[in-house]
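Subject: Structure handover

Hello,

Here is the structure for your files. Please open it alongside this message.

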Amino acid sequence: MIAMGSKKRRGILERLNAGEVVVGDGGYVMQLERRGYVKAGHWTPEAAVEHPEAVRQLHREFLRAGANVLQTFTFYCSEDKLEISGNVTNITGAQINEAACDLAREVANEDDALVAGCVSKTPCYVKSHSEAEVKAIFKKQMDDFLKKDIDFFIVEFVDHVEEAGWAVEVLKTSGKPVGATLCISPHGDMHGVPPGECAVRLVKAGADIVGVNCHLDPLTCIRTVKLMKEGLEKAGLKAHLMIQPLGFHTPECNLGGYTSLPEYPFAMETRAITRWDIHKYAREAYNAGIRYIGGCCGFEPYHIRAIAEELAAERGFLPPASEKHGLWGAALEMHTKPWVRARARREYWENLLPASGRPKCPSMATPEDDYEKHYLLFRPEQVVLSLM
C-alpha cells in the first residue's frame with residue numbers, strides 16, 4: 001500500500017471514461033452483523049461511531065482485496081430510519097455519516113481508492129410518499145457528506161425508481177458524480193417499472209452510473225443490468241453500468257428478492273457463493289459491458305479478491321491480497337496429500353459442483369408470496385417496518 005497524501009486521485013468518471021475496470025467493495029451491514037457489531041432487523045450503521053475499529057478493519061480488508069472504491073458505512077442512516085429502529089438513542093445521523101466518511105477516507109488514503117458517500121431508501125417514502133420530505137432527508141445526508149468532501153455519491157438499496165430518482169436529483173446539486181443502483185429483479189421495481197425504463201428515468205434525473213445492487217444473486221443481477229443497458233440504448237442515452245449483487249445463490253427468488261427466502265437472514269450461509277462462482281460472475285459482467293463490478297450482502301473480501309484476480313489482465317495488476325492466494329488453487333501444489341495436490345488446477349475448480357453436506361435439505365426453497373402482496377397484508381402502521 002502507498003500513502004497518497006495530497007496527491008490528486010483520478011475521479012470515478014475519469015476512470016470509467018477511460019474504459020478501466022473499477023472494482024467495488026463488498027457487504028458491510030451483514031458482515032458486521034455476523035461479527036457482532038450490527039443488530040439484525042435494525043441494520044443501522046451506528047458501529048461507525050461505537051466500534052470504528054471494526055468498520056476500519058473491514059474497509060482495509062476490502063481495499064487489500066482489490067477494491068478501488070470504499071463506500072461509507074451509512075446504510076439506513078436517515079433520521080427517520082434511526083428513529084423507527086429505536087436502536088440508536090444517543091447518536092445522530094450526522095455523527096454516523098461524518099464518522100463513516102472519516103473511516104473510509106482514512107483507509108482509502110492508504111492506496112489509490114475513492115470514497116463513495118452512500119444513501120439508501122427511506123421509510124418516509126412508503127409512509128408519506130412526499131417528494132419534499134424524502135428530498136429533505138437526502139439533502140441532509142448530502143450536506144453531511146460534503147463536509148467531508150467525498151469523491152462521489154451512490155444511491156443504493158432502493159426498490160422504487162421514483163424514490164431513487166428523487167435522490168439523484170438532490171445529490172446532483174452537489175456537483176459530484178452520482179451512481180444509482182436499484183435492488184430490483186429483471187421484472188422491474190416494486191411498482192412494476194421495467195429495468196430499461198428505470199435506467200432511463202435515473203439517467204434523465206442526472207445519474208452518471210446506473211445498475212443494481214443487493215436482493216438477488218450475481219447472474220440474475222447481470223440479467224437485470226443487461227435490460228437496463230438495452231433500455232438506455234433504445235432511448236439513445238448513455239451511462240456507465242454498475243453491479244453489486246448478493247454473495248448468495250437465489251435462483252428461485254420472486255419479486256421480493258432474498259428477504260422472501262426462509263433462510264433470510266440467519267441461515268444464508270447454506271447459499272454462500274464460492275470464489276470460483278465469483279470468477280464466472282466477474283467475467284460475465286465484464287462481457288456484458290459492465291465496468292463497475294463489486295458486491296453487496298454476503299460478499300466478503302475474498303470474493304472481491306476473486307473479481308480482481310479474474311480481471312487482472314484487464315486491470316494490469318493483482319491486488320495485495322493475492323500474495324496469500326495461489327491463482328486457481330496453485331498453492332495446493334505444496335499440500336502433503338496427493339489427492340489435494342491434484343486440485344491445484346483451474347479445470348478442477350471450474351467444474352466442481354459443491355455439495356451442501358446436508359442430506360435432508362432441499363436444493364431449492366419455496367419463497368414467500370409475492371412481496372407486494374405480502375407486505376400489504378400488514379396493518380398500515382406496520383407497513384414501514386415490514387419494508388425494512
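Below are notes on confidence, the annotated domain, the cysteines and the salt bridges.

This is a predicted model, in which local features need pLDDT of at least 70, side-chain atom pairs count only at pLDDT 80 or more, and totals for chains, interfaces and linings use all residues. Residues are numbered from 1 along each chain as its sequence is written, and side-chain values use heavy atoms, with hydrogens and water left out.

Confidence

pLDDT is the predictor's confidence in each residue, on a scale from 0 to 100. The chain averages 92. At least 70 is reached by 93% of the residues.

Annotated domain

UniProt, in an unreviewed entry, places "domain: Hcy-binding" at residues 10-311. UniProt positions follow the numbering used here, feature names are shortened, and annotations may be inferred rather than shown by experiment. In the model, this span is 46% helix and 12% strand. Its end C-alpha atoms lie 20 Å apart. Helices (H or I, at least four residues) and strands (E, at least two) are DSSP runs, numbered from the N terminus.

Cysteines

How many disulfides does the structure hold? The count is 0, with a disulfide taken as a pair of cysteine sulfur atoms within 2.5 Å. C297 is in no disulfide. The nearest cysteine sulfur to it belongs to C214, 3.8 Å away. C297 is buried, at 6% relative accessible area. The cut-offs are under 20% for buried, over 50% for exposed, and partly exposed in between (1.4 Å probe, protein chains only). C361 is in no disulfide either. For C361, the nearest cysteine sulfur is that of C253, 17 Å away. C361 is partly exposed, at 44%.

Salt bridges

Side chains of opposite charge can pair when their charged atoms come close. A salt bridge here is a side-chain nitrogen of Lys or Arg within 4 Å of a carboxyl oxygen of Asp or Glu. The whole structure has 23 of them.

- R10 and E20 meet at 2.6 Å, N to O. R10 sits in the segment before helix 1 (12-17), and E20 in the loop between helix 1 and strand 1 (22-23). The two are 10 residues apart. R10 is partly exposed at 30% relative accessibility. E20 is also partly exposed, at 30%.

- E169 and K135 meet at 2.6 Å, N to O. E169 lies in helix 9 (residues 161-171) and K135 in helix 8 (residues 131-147), so this pair ties together parts 34 residues apart in sequence. E169 is partly exposed at 35%. K135 is partly exposed at 22%.

- R271 and E252 have their closest N and O atoms 2.6 Å apart. Both lie in the loop between strand 7 (240-244) and helix 12 (275-287), so the pair ties together parts 19 residues apart in sequence. Are these side chains buried or exposed? R271 is buried, at 8% relative accessible area. E252 counts as buried too, at 16%.

There is also a network: salt bridges link R34, E269 and E300.

Best wishes
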